[in-house]
Amino acid sequence: SATSAGAAVPTRFGNVQVQITVSGGKITAATVVQIPNRDSKDIAINNRAVPILNREAVAAQSADIDMVSGATYTSEAYLQSLQSAIDRAHLS
């Protein structure tokens, strides 16, 4: 398996950067390598949103996933970074 890191996408709260693991032309895992964590609110939102986004990315095998309600900035940036990781892995 190989990893592909997406672009670090800035939000008003900090950068979001997604890394995917690819095996056999499939996304087998998605993780965040950068996520806003300035305060307890950021951490609480992202602790809830990120696992959902990671699961959705693997399930969809694309960046065509739903945003997480209440985590709009994180979700938008996650999707952009995820798409760039997919592009860099030459999956799309």
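Colleague: Is His90 buried or exposed?
Modeller: His90 is exposed, because its relative accessible area is 69%. Buried means under 20% relative accessible area, exposed over 50%, and partly exposed in between, with a 1.4 Å probe and protein chains only.

Colleague: Before we go on, what kind of model is this?
Modeller: This is a predicted model, in which local features need pLDDT of at least 70 and side-chain atom pairs count only at pLDDT 80 or more, while totals for chains, interfaces and linings use all residues. Residues are numbered from 1 along each chain as its sequence is written, and side-chain values use heavy atoms, with hydrogens and water left out.

Colleague: Thanks. Where does His90 lie, and what is its phi?
Modeller: His90 sits in the segment after H2. Its phi is near 60°, a positive value in a residue other than glycine. For background, most residues other than glycine have a negative phi.

Colleague: And Gln61, what is the phi there?
Modeller: For Gln61 phi is near 55°, again a positive value in a residue other than glycine. Gln61 belongs to the loop between H1 and H2. With a relative accessible area of 30%, Gln61 counts as partly exposed.

Colleague: Let's zoom out. How many helices and strands does the chain have?
Modeller: There are two helices and four strands, and from the N terminus on they run β-β-β-β-α-α. Helices (H or I, at least four residues) and strands (E, at least two) are DSSP runs, numbered from the N terminus.

Colleague: What radius of gyration does the chain have?
Modeller: The chain has 12 Å, which agrees with the value near 12 Å for a compact globule with 92 residues. That radius is taken over C-alpha atoms, and the globule rule is 2.2 Å times the number of residues to the power 0.38. Along its principal axes, the C-alpha trace spans about 40 × 20 × 20 Å.

Colleague: How much of the chain is buried?
Modeller: Of the 92 residues, 37% count as buried.

Colleague: Now the inside. Which residues touch the most other members of the largest nonpolar core?
Modeller: Ile20, Leu53, Ile65, Tyr78, Leu82 and Ile86 do, in a core of 20 residues. Strand E3 (14-23), strand E4 (26-34), helix H1 (40-60) and helix H2 (72-88) are the elements that give two or more residues to this core, and the largest share, six residues, comes from H2. A nonpolar core here is a set of buried Ala, Val, Leu, Ile, Met, Phe, Trp, Tyr and Cys residues joined through side-chain atoms within 4.5 Å.

Colleague: Take Ile20. Which residues does it touch?
Modeller: Not counting residues up to four places away in sequence, Ile20 touches residues including Ala2, Ile27, Leu82, Ile86 and Leu91. Contact means heavy atoms within 4.5 Å. Ile20 is in strand E3 and is buried, with a relative accessible area of 0%.

Colleague: I also see Gly6. Where is that one?
Modeller: Gly6 is in the loop between strand E1 (2-5) and strand E2 (9-11). With a relative accessible area of 0%, Gly6 is buried. Leaving aside neighbours within four places in sequence, Gly6 is in contact with Gln17, Val18, Ser81, Ser84, Ala85 and Arg88.

Colleague: Ser84, then. Buried or exposed?
Modeller: Ser84 counts as buried because its relative accessibility is 15%.

Colleague: What about Ser75, which element holds it?
Modeller: Ser75 is in helix H2. At 0% relative accessibility, Ser75 counts as buried. Leaving aside neighbours within four places in sequence, Ser75 is in contact with Leu53, Met67 and Val68.

Colleague: Last one: Asn46, which residues does it touch?
Modeller: Asn46 touches Ile35, Pro36, Pro51 and Thr74, not counting residues up to four places away in sequence. Asn46 is in helix H1 and counts as buried, at 6% relative accessibility.
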